[in-house]
Amino acid sequence: MAATFTFSPAVAVAAATRSKSAVSLTLPPNSLPLPGQIPKPFSLKTLNPKPRSAPKSSATASDHSRTGDVTISGSLSSATSSQTLKSSLRSGETLYGIFLLSFSPTLAEIAGIAGYDFAVVDMEHGPGGISDALDCLRALAAARTPAILRLPESSAAWAKKALDLGPEGIMFPMIDSPKDAKKAVSYCRFPPAGIRGSAHTVVRASDYGIDEGYLSNYEEELLIMCQVETVEGAKRAKEIAAVDGVDCIQMGPLDLSASMGYLWDPGHKKVREMMRTVERSVLATTAADGGAFLSGFAMPHDRPEVMKARGYHMVSGAVDIGLFRSAAVEDVRRFKMRLIDDDDEEEEHDKDADEKYWSE
C-alpha cells in the first residue's frame with residue numbers, strides 16, 4: 001500500500017528522489033512545484049520538441065491534480081521517465097546536451113533545470129574522478145536530466161566504477177577499431193555476455209539493491225557511446241558502428257583534426273571532408289539492425305542546427321567552463337569599457353566647468 005505524507009516540497013524531494021517504492025506525496029496548496037514541473041526556458045532542444053513521458057513506477061503513475069492539495073504518485077528516482085535516451089533516439093528525437101568539465105554539482109543542477117536533454121560528465125578532460133562525478137549525477141537526477149559519463153580511458157576498471165554509479169550513458173574515448181568497440185561493450189555486460197564485475201546488490205545503479213529489476217533492464221536502458229576521433233578510427237567508423245551493443249558514434253573533431261595534422265585548425269577543409277565521410281558511413285548503418293546513432297560537438301564553423309540537418313541525433317553545443325569563461329570575460333570587458341566611458345565623460349565635464357569658471 002502506498003504511504004501518504006504531508007510536508008514541504010524540499011523535504012518531499014529529498015526523501016523520495018532515489019526511492020523505487022510507490023510513494024504518494026501530498027503537497028500543501030500554493031507550494032513550490034517539484035523539479036520537472038517547473039516550465040523550462042527555451043533551448044535548442046526545441047529543434048525537435050517532444051513532451052517527456054510520464055514518470056515510470058512499479059505502481060501505476062497517476063496525476064491527481066486538483067484544487068488545493070496536489071498528490072503525485074510513483075517513483076522519483078533519477079530514471080523518472082520511461083523515455084530513456086535510447087528510446088528517445090529510436091523515436092526520432094534530436095537531443096541537445098552539454099559537457100560538464102568543472103565537476104560543480106551546482107552548475108550540473110543549473111544545466112539540468114535549464115532544459116538540456118542530457119549532460120556529459122567528462123572524466124577524460126575534467127579534473128574530477130568517480131567521487132566528484134557522483135555529486136554531479138545526484139544533482140542531475142534532482143533536475144530530471146539523464147547523465148552520461150565519459151571515461152578517462154577505455155578500460156574494464158574505469159567502466160566498472162562508472163557504471164556502478166548508475167549513469168544512463170557511458171562514453172568510451174579513442175575507439176579505433178571494431179575490436180576496441182567489442183571490448184568496450186564487454187566492459188558493460190555481466191558474464192557470460194561480458195566481463196563487468198558485479199556488485200549489483202549494493203551499488204547506486206541498482207538503487208543500492210532496492211531495484212529488483214536492475215539486472216533485467218540495465219542492458220536495454222544503458223546507452224553505449226564510442227568516440228571516433230583519429231584517422232584510423234575514421235577509416236573504420238562504419239565497422240565500429242555495426243558492432244553489436246554500440247548504440248552511438250560520438251565524433252571528436254578536435255582530436256581528429258590533431259590526428260590529421262591540423263591541431264590549430266579543426267575547421268580545415270580536409271578535416272571537414274573527413275568528418276562528412278565518417279558521418280555518411282555511420283548514418284548508413286542506422287537503417288539496418290544494430291546500426292548506431294550519430295552524436296557530436298558543435299563548433300564555431302558547425303552550428304547545432306546544421307548538424308541536425310546532416311543527420312546528427314545527439315548534439316552537444318556547450319561546455320560549462322566555456323560558458324562561464326565567456327560570461328566572465330564579457331563581464332570584465334563591459335566594466336572596463338564603462339570605466340573608459342566614465343573617464344571621458346568626467347574629463348568633458350571638468351573641461352566645461354573650467355571654461356565656465358574662467359568665462360565668469
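This is a predicted model: local features need pLDDT of at least 70, side-chain atom pairs count only at pLDDT 80 or more; totals for chains, interfaces and linings use all residues.
**View 1. Strand S6 and its parallel partner S5.** Strand S6 comprises residues 147-150, and both of its faces are covered. Ala147 and Leu149 lie on one side, Ile148 and Arg150 lie on the other, and all four are buried. Strand S5, residues 118-122, pairs with S6 in the parallel sense, and four bridges are found between the two strands. Within this pairing, Ala119 stands opposite Ala147 of S6.

**View 2. Gly169 of strand S7 in relation to Ala147.** Gly169 belongs to strand S7, which covers residues 169-172. The relative accessibility of Gly169 is 0%, and this residue therefore counts as buried. In sequence, Gly169 and Ala147 are separated by 22 residues, while their C-alpha atoms are 6.5 Å apart in space. Ala147 is itself buried, on the face of S6 that also carries Leu149.

View 3. The whole structure contains 14 salt bridges. One of them joins Arg150 to Asp122, with a distance of 2.6 Å between the closest N and O atoms. This pair connects distant parts of the chain, as Arg150 lies in strand S6 and Asp122 in strand S5, 28 residues apart. Both Arg150 and Asp122 are buried.

**View 4. The salt bridge between Glu219 and Arg189.** Glu219 and Arg189 form a salt bridge in which the closest N and O atoms are 3.3 Å apart. Here too, distant parts of the chain are linked: Glu219 is in helix H7 (residues 214-221), Arg189 is in the loop between helix H6 (178-187) and H7, and the two are 30 residues apart. The relative accessible area of Glu219 is 37%, so Glu219 is partly exposed. Arg189, by contrast, has a relative accessible area of 8% and is therefore buried.

**View 5. A salt-bridge network that includes Asp302.** Salt bridges link Arg276, Glu279, Asp302 and Arg310 in a network. Asp302 counts as buried because its relative accessibility is 6%.

View 6. Strand S10 consists of residues 293-297; five of its five residues are buried, so the strand is largely enclosed by the rest of the structure. Phe293, Ser295 and Phe297 point one way from S10, whereas Leu294 and Gly296 point the other way. Strand S9, residues 248-251, runs parallel to S10 and is joined to it by three bridges. Gln250 has Ser295 as its bridge partner in S10. Strand S11, residues 314-319, is likewise parallel to S10, again with three bridges. On this side, Phe297 stands opposite Ser316 of S11.

Notes
Residues are numbered from 1 along each chain as its sequence is written. Side-chain values use heavy atoms; hydrogens and water are left out. Buried means under 20% relative accessible area, exposed over 50%, partly exposed in between (1.4 Å probe, protein chains only). Two strands pair if DSSP finds at least two bridges between them. A salt bridge is a side-chain nitrogen of Lys or Arg within 4 Å of a carboxyl oxygen of Asp or Glu.
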